[in-house]
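Here is a short briefing to read beside the model.

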Amino acid sequence: MNIWRGQFFSLAVVAAGCLLTGCNQSSPGPNAGGDVIKVGEYGSLTGSEATFGQSTHKGIQQAVDEINAAGGVLGKKIELHTEDDQSQAGQAATVVRKLISSDGVVAMLGEVASSRSLEAAPICQQSGIPMISPSSTNPKVTEVGDYIFRVCFIDPFQGTVMANFATKTLKAHTAAVLTDVKSDYSLGLAKFFKEQFLASGGKIVDEEKYSGGDKDFNAQLTAIKAASPEVVFVPGYYTEAGLIALQARQLGINVPLLGGDGWESPTLIPVGGKALEGDSFSTHFSADNTSPEVQTYLTTYKKRYNETSDAMAPLGYDAMMILADAIKRAGTTDGAKVRDALAATKDFKGVTGNITIDPNRNASKSAVILTITNGAIKYIQTVAP
Amino acid sequence: MNLNLRHAKTGLLGALALCFLVTLFSKFINPYWLYILYDIGINIILAVSLNLINGYTGQFSLGHAGFMAVGAYTAGVITNQFGQLNAFASGGVFLGALLAGGLMAAVAGLLVGIPTLRLKGDYLAIVTLGFGEIIRVILQNVDSVGGARGYSVMHGWTNFFWTFGLAAVTVYVIASLVNSTYGRGFIAVHDDEIAAEAMGINTTKYKVSAFVIGAFFAGIAGGLYAHSKQYITPGGFGFMQSIAFVVMVILGGMGNTVGVILAAILLTLLPEGLRFLAGVQQIPGVAKMYPLSWVGDTRMIIYSLLLIVLMLTRPQGLFAFKKRQR
């Protein structure tokens with residue numbers, strides 16, 4: 001019966017093939033390649049989160065070119081190896097293994113989506129390759145191990161930032177919180193907002209809940225109105241934030257609403273319209289920031305890609321810059337030494353703020369606060385941690 | 001038949017021994033290619049088990065990734081209860097977890113099978129599609145397995161022996177099944193349901209058992225997948241994943257086990273081969289530098305185009321060299 005011959009044959013072919021690949025592809029060591037330093041990047045260049053992945057890639061590529069134009073690191077040029085994970089689960093693990101064992105990269109950059117960073121992180125950890133995620137905000141990512149870093153702040157930090165903004169800038173003494181109970185992100189922000197707000201001497205006068213996807217918030221907002229807070233913290237996503245703002249104004253709640261980076265979307269203003277006037281939210285980066293680093297970066301980016309940078313590209317740019325800085329300070333590309341140098345990163349002047357890596361390998365850095373005025377999103381201030 | 005079966009058993013034992021041997025040498029294989037081999041083995045199990053449903057029995061299931069998800073999460077949750085174990089104990093626990101994953105998937109197959117398999121053709125396809133999505137959405141909302149964020153599996157126990165050993169077992173079981181007296185019923189259901197019913201074959205029962213057996217092996221493949229990637233997210237078991245397995249079956253030729261195996265190998269290797277091609281800076285034998293990096297950007301388009309060309313030129317299945325053995 002030829003099924004058996006066929007099956008046996010195919011297995012034999014596969015086995016022989018893999019043995020051959022095993023022999024031919026002697027994996028290059030970390031220092032192979034001589035005059036270049038190989039850095040791996042895995043990202044969602046295609047698929048559902050392609051815009052995030054491509055922006056990040058553009059930022060990283062810009063950083064690599066700037067570093068190389070300035071003479072490289074340790075006298076060597078940076079060589080970026082980019083692989084696409086197609087925004088698919090399972091692919092991140094495959095491409096990261098390829099980058100490490102076939103290409104022999106010394107460090108890894110990626111990814112935006114926390115679930116794919118979580119898939120790749122254990123492999124980098126086991127291989128002793130430092131990995132920097134530009135924009136995965138889920139706290140679990142860096143908990144994987146001591147080789148995993150990130151250059152964005154984590155979810156809870158924004159809660160703290162907005163509490164400080166409410167008490168210091170808006171001089172608010174009372175606040176209400178409206179949380180999306182379906183989202184880890186929202187719960188995290190709310191928890192840390194409350195802690196910081198109370199610690200600053202403020203008072204939480206009301207706490208209300210909704211579920212992501214709700215359309216009607218009148219019940220919660222009526223209760224909030226009765227408690228008459230000076231600010232309302234709404235740490236949800238832009239879809240609900242717009243609706244909440246509309247309904248709050250209709251009920252006569254005229255105090256500012258505050259939010260996190262979940263608000264950042266081109267569709268926020270079209271949904272909320274005039275109701276969002278005076279509301280603020282925290283995020284990673286603003287193109288209106290007048291600091292020279294930001295403006296230089298933006299001009300170069302615009303010249304290079306002929307488009308305006310979003311929030312993902314500068315995070316990719318900073319990830320690459322911090323890595324180059326760490327390799328420089330380590331004086332070698334050895335994984336453990338680069339990791340130690342990364343962990344010791346302090347007050348690195350990045351485009352997205354001054355970055356210090358904290359003991360949990362998360363970036364401790366300032367957040368940007370944006371306010372909506374006259375139907376446009378305006379940069380207000382940078383808040384230090 | 002006796003002679004054939006004896007050959008089959010020799011083949012199975014030979015394959016298992018070979019897998020075991022290769023496993024001993026797997027330290028010397030580049031990990032990237034090694035894990036691609038695991039993907040191949042897992043996809044062989046999935047494609048061959050789906051072939052029982054879509055090929056031999058002639059039903060149209062679009063929910064195979066759903067069964068895989070059930071197996072992946074079940075096996076992952078079970079092995080995560082154990083700490084570091086020695087090689088012998090881990091093998092036992094792993095096999096137990098894989099079987100449990102397979103059984104859970106088989107139960108899921110039974111649950112979806114009983115009420116829906118009275119449906120035919122397109123209607124069945126839609127129901128199985130819906131079922132696969134229901135599993136995904138449920139997993140997305142179960143916090144204890146991480147919800148949409150995903151679930152981390154501690155042990156990377158999947159190795160060459162387990163993937164290809166179990167692939168060989170799958171092929172053996174399914175090929176023996178459809179060649180047995182009982183198994184002729186599957187083919188009868190495929191060929192003409194009314195005639196089969198007139199001959200006294202309980203077509204619903206056959207369809208349900210095809211689903212249960214197919215789902216069982218899909219669950220085992222899911223367990224292997226979970227312990228190979230060590231991180232599973234509900235998004236990884238979506239509708240597109242089910243389609244990928246259906247493509248393997250159709251490309252290999254419905255009801256042609258060897259063809260389906262080869263299609264699973266080809267379709268797993270093809271995207272990676274194109275990735276490899278994208279890294280080529282110079283074509284051997286050509287003096288001029290001719291980087292093929294454009295292949296990287298257009299990799300998935302080339303892949304899709306190849307699929308279209310293959311389907312146009314080999315509609316009977318890429319590897320269908322002769323008529324299916326009856």
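Two residues are in contact if their C-beta atoms, placed from the backbone, lie within 7 Å. This is a predicted model: local features need pLDDT of at least 70, side-chain atom pairs count only at pLDDT 80 or more, and totals for chains, interfaces and linings use all residues. Residues are numbered from 1 along each chain as its sequence is written, and chains are lettered from A and ligands numbered from 1 in the order in which they are written.

Helices (H or I, at least four residues) and strands (E, at least two) are DSSP runs, numbered from the N terminus. A residue is buried if 20 or more other C-beta atoms lie within 10 Å of its own, exposed if 12 or fewer, and partly exposed in between; these C-beta atoms too are placed from the backbone.

**Domains of chain A**
- Chain A is divided into domain 1 (36–153 + 291–365) and domain 2 (156–283); the bounds come from an automatic or database domain assignment.
- The centres of domain 1 and domain 2 of chain A, taken over C-alpha atoms, are 32 Å apart.

**Helix 4 of chain B**
- Helix 4 of chain B holds 30 residues (87–116) and should span 44 Å at 1.5 Å a residue. The expected span is 1.5 Å times one less than the number of residues.
- Its end C-alpha atoms are 43 Å apart, which agrees.
- Buried residues of helix 4 of chain B include B:Phe94, B:Leu98, B:Met104 and B:Val112. Glycines are also among them, including B:Gly101, B:Gly102, B:Gly109 and B:Gly113.
- The cover over these buried residues includes helix 3 (64–79), helix 5 (121–140), helix 6 (160–179) and helix 9 (203–229) of chain B.

**Helix 13 of chain A**
- In helix 13 (residues 335–343) of chain A, the buried residues are A:Val338, A:Arg339, A:Ala341 and A:Leu342.
- They cover an arc of only 165° around the axis, so they sit on the same side of helix 13 of chain A. The arc is that of the directions from the helix axis to the C-beta atoms.
- An α-helix has 3.6 residues a turn, so residues three or four places apart point the same way.
- Packing partners of the buried residues of helix 13 are strand 3, strand 5 (148–150), helix 12 (312–330) and strand 12 (353–357) of chain A.

**Backbone spots in chain A**
- A cis peptide bond, with omega about 0°, joins A:Gly110 and A:Glu111. A:Glu111 lies in the loop between strand 3 (107–109) and helix 4 (114–127) of chain A.
- A:Leu74 is not a glycine, yet has a positive phi of about 55°. A:Leu74 is partly exposed, with 13 other C-beta atoms within 10 Å.
- A:Gln86 has a positive phi near 60°. A:Gln86 is buried, with 21 other C-beta atoms within 10 Å.
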